[in-house]
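Biologist: Please pick one part of this model and take me through it closely. I would like its partners, its surroundings and its place in the whole.

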Amino acid sequence: HGVVTSPADGAMTNGSPDWFTATFPHPMTLKTVSVQAEGGTTVTVPVAAAAATTRVSADLPTLQPGNYVLNWTAQGAD
């Protein structure tokens, strides 16, 4: 679908990433971001209201070493 994220799907990072960023082939609005530690609770990440654009991002909380799943949703004009 042409969406590029950072951290990328399946990425292993050296330390806690500061940001989640998604780059789209057409303007989108980031709606939700959440992070869940393996076997832990889900943390909702605040997403600033913004106009649709091709690059969106959100500050991530400082994460302890471990495995995490990051979920996000975005909405297009259609």
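Modeller: What follows is a close look at one strand, then a step back to the whole chain.

This is a predicted model, in which local features need pLDDT of at least 70 and side-chain atom pairs count only at pLDDT 80 or more, while totals for chains, interfaces and linings use all residues. Residues are numbered from 1 along each chain as its sequence is written, and side-chain values use heavy atoms, with hydrogens and water left out.

The part is strand 2, residues 19–37. Strands here are DSSP runs of E with at least two residues, helices are runs of H or I with at least four, and both are numbered from the N terminus. Two strands pair if DSSP finds at least two bridges between them.

Take the partners in turn. Strand 1, residues 4–6, runs antiparallel to strand 2 and pairs with it over three bridges. Val4 has Thr23 in strand 2 as its bridge partner. Strand 4, residues 53–59, is also antiparallel to strand 2, with six bridges. There, Ala22 is bridged to Val56 of strand 4. Nine bridges link strand 2 to strand 5, residues 68–76, again antiparallel. Thr29 sits opposite Gln75 of strand 5. Strand 3, residues 42–45, pairs with strand 2 in the antiparallel sense over four bridges. Val33 has Val45 of strand 3 as its bridge partner.

Strand 2 and strand 3 form a hairpin with four residues between the strands. In that hairpin, Gly39 has a positive phi near 75°. Most residues other than glycine have a negative phi, and most peptide bonds are trans. The bond from Ser6 to Pro7 is cis, with omega near 0°. Pro7 lies in the loop between strand 1 and strand 2.

Now zoom in on Thr21, in strand 2. Is Thr21 buried or exposed? Its relative accessibility is 11%, so Thr21 counts as buried. The cut-offs for relative accessible area are under 20% for buried and over 50% for exposed, with partly exposed in between (1.4 Å probe, protein chains only). Leaving out residues up to four places away in sequence, Thr21 touches Val4, Thr5, Ser6, Arg55, Val56 and Ser57. A contact means heavy atoms within 4.5 Å.

Strand 2 also reaches the largest pocket. Strand 2 and strand 5 each give at least two residues to its lining. The largest share, four residues, comes from strand 5. The pocket holds about 650 Å³ of space. Of its 23 lining residues, Pro7, Ala11, Thr13, Tyr68 and Val69 are the closest to its centre. A pocket is an open set of points on a 1 Å grid over the protein atoms alone, where a 1.4 Å probe fits, with protein on both sides within 12 Å along at least five of seven lines; lining residues have an atom within 4 Å of a point. Points are joined across faces, edges and corners, and the volume is the space filled by probe spheres set on them.

Last, the whole. The protein has five strands and zero helices. Its radius of gyration is 13 Å, close to the 12 Å from the globule rule for 78 residues, so it is as compact as a globular protein of that length. The radius is taken over C-alpha atoms, and the rule is 2.2 Å times the number of residues to the power 0.38. Among contacts between residues at least 6 apart in sequence, 64% join residues at least 24 apart.
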